[in-house]
Amino acid sequence: MSAQCKLVALGALIFFLLVSYGSCTRIVNFNASHITADPYWVAARATWYGAPTGAGPYDNGGACGFKNVNLPPFSAMTSCGNQPLFKDGKGCGSCYQIRCVNHPACSGNPETVMITDMNYYPVAKYHFDLSGTAFGAMAQPGRNNELRHAGIIDIQFRRVPCIYPGQTVTFHIEHGSNPNYLAVLVEFEDGDGDVVQVDIMEANSGWWTPMRESWGSIWRMDSKRRLQGPFSLRITNESGERLVAYQVIPANWAPNTYYRSNIQYEAFGSAAGQAIGFGSAVGLVISSAAGLHTVITGIIGLICLVLYHLHGIEVPQF
């Protein structure tokens, strides 16, 4: 077996061992099969609050500013997150699969929840304070109340993409907004589900001005002069992907009003599905960073191994 073919074969083995066993590589691209194939879960603890079959807070909102989280698309599958999950508000809207363990009422099946509030009194490094609905959803059929009576349970979690079927990114003008002050809630982002920066362009000014994070997923623009609509908004998610909603807020905008854009992230086009380095958690290693050359090298290396071990044939050098 030629030295070059041996080297390529070794490269192939390393490549496929990485695929099989994971590494600390950050995922760049992924798809649905990546998520379902990811065996890595992170240990956490869960509690619940509010009504047993409610959405958490009594006002159906929380520290992220989302409205009507008891209704679709949130459907009460919500959670407070402690700081590593809430991220000073920049984790608002992130989606996680959770499953409970070590309790006889646990189904072991994953359920998806969204971060909509802040958990100020964590009982573990990663603590999901769930709505009663979300907590009970982890139970076996008919054992929801039994699980809720446990109070604090062990769970496992992993980050997954958010998917809001039929929804586009939506902007809500908050109460108190006026010609010199504009506060905007950003909702329903597929993929990462979160927003780490919002920029605004007035009328046809031609330049972007960064908005300031007010609280949760609400961003504001303060001005000593009258703001000139219509407004375009540019949002950036945790993966650094940007979307622009041109003139999404009209010149005659009004407070307490929703403005729906025609833009949306690709649910499987960002890094939301990775296990994002929690503790010793590892994500999938296949990514665009691997490069086409690496894949081709791996395939050629496997051909080398198969041909040599089956027939003693060496692949010519190239």
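## A salt bridge to start

K67 and E174 pair through their side chains in a salt bridge, at 3.0 Å from N to O. A salt bridge here is a side-chain nitrogen of Lys or Arg within 4 Å of a carboxyl oxygen of Asp or Glu. K67 sits in the loop between strand 1 and strand 2 (78-81), and E174 in the loop between strand 7 (170-173) and strand 8, so the pair ties together parts 107 residues apart in sequence. K67 is partly exposed, with a relative accessible area of 27%. E174 is buried, at 10%. Buried means under 20% relative accessible area, exposed means over 50%, and partly exposed is in between (1.4 Å probe, protein chains only).

This is a predicted model: local features need pLDDT of at least 70, side-chain atom pairs count only at pLDDT 80 or more, and totals for chains, interfaces and linings use all residues. Residues are numbered from 1 along each chain as its sequence is written, and side-chain values use heavy atoms, with hydrogens and water left out.

## The whole chain

The protein has 318 residues, and 47% of them count as buried. It holds 6 helices and 15 strands. These are DSSP runs numbered from the N terminus: helices are H or I with at least four residues, strands are E with at least two.

Contact means heavy atoms within 4.5 Å. Take the contacts with a separation of 6 or more: 73% of them join residues 24 or more positions apart.

Nonpolar side chains tend to be buried together in soluble globular proteins. A nonpolar core is a set of buried Ala, Val, Leu, Ile, Met, Phe, Trp, Tyr and Cys residues joined through side-chain atoms within 4.5 Å. The largest one has 42 residues. F128, L130, M138, L147, I155 and F157 have the most contacts inside it. Elements giving two or more residues to this core include strand 1 (42-49), strand 5 (127-131), helix 4 (132-137) and strand 6 (153-160). Domain 1 (42-159) and domain 2 (170-260) both contribute residues, so this core lies between them. The domain bounds come from an automatic or database domain assignment.

Look at L130. Leaving aside neighbours within four places in sequence, its contacts include W48, I98, V113, F135 and M138. Another core lies apart from the largest one. It has 24 residues, among them I173, I200, M211 and V248.

## More charged pairs

The count of salt bridges comes to 10. R45 and D154 form one of them, at 3.2 Å from N to O. R45 is in strand 1 and D154 in strand 6, 109 residues apart. R45 is partly exposed at 32% relative accessible area, and D154 is partly exposed at 28%.

R234 and D199 also form a salt bridge, with their closest N and O atoms 3.1 Å apart. R234 lies in strand 13 (residues 231-236) and D199 in strand 9 (residues 197-202). R234 is buried at 15%, and D199 is buried at 5%. Elsewhere, salt bridges link K87, R159, D194 and E238 in a network.

## A buried arginine without a partner

R148 is in helix 5 (residues 144-148). R148 is buried yet has no salt bridge. The nearest side chain of opposite charge, E146, is 11 Å away. Lys and Arg count as positive, Asp and Glu as negative; His and the chain ends are not counted.

What lies 3.1 Å from a polar atom of the R148 side chain? The backbone oxygen of G132 does. Beyond neighbours within four places in sequence, R148 is in contact with W48, P52, T53, G132, F135 and G136.

Key:
A polar contact is a pair of N or O atoms within 3.5 Å; within protein, one must be able to donate a hydrogen and the other to accept it, and residues adjacent in sequence count only if both atoms are side-chain atoms.
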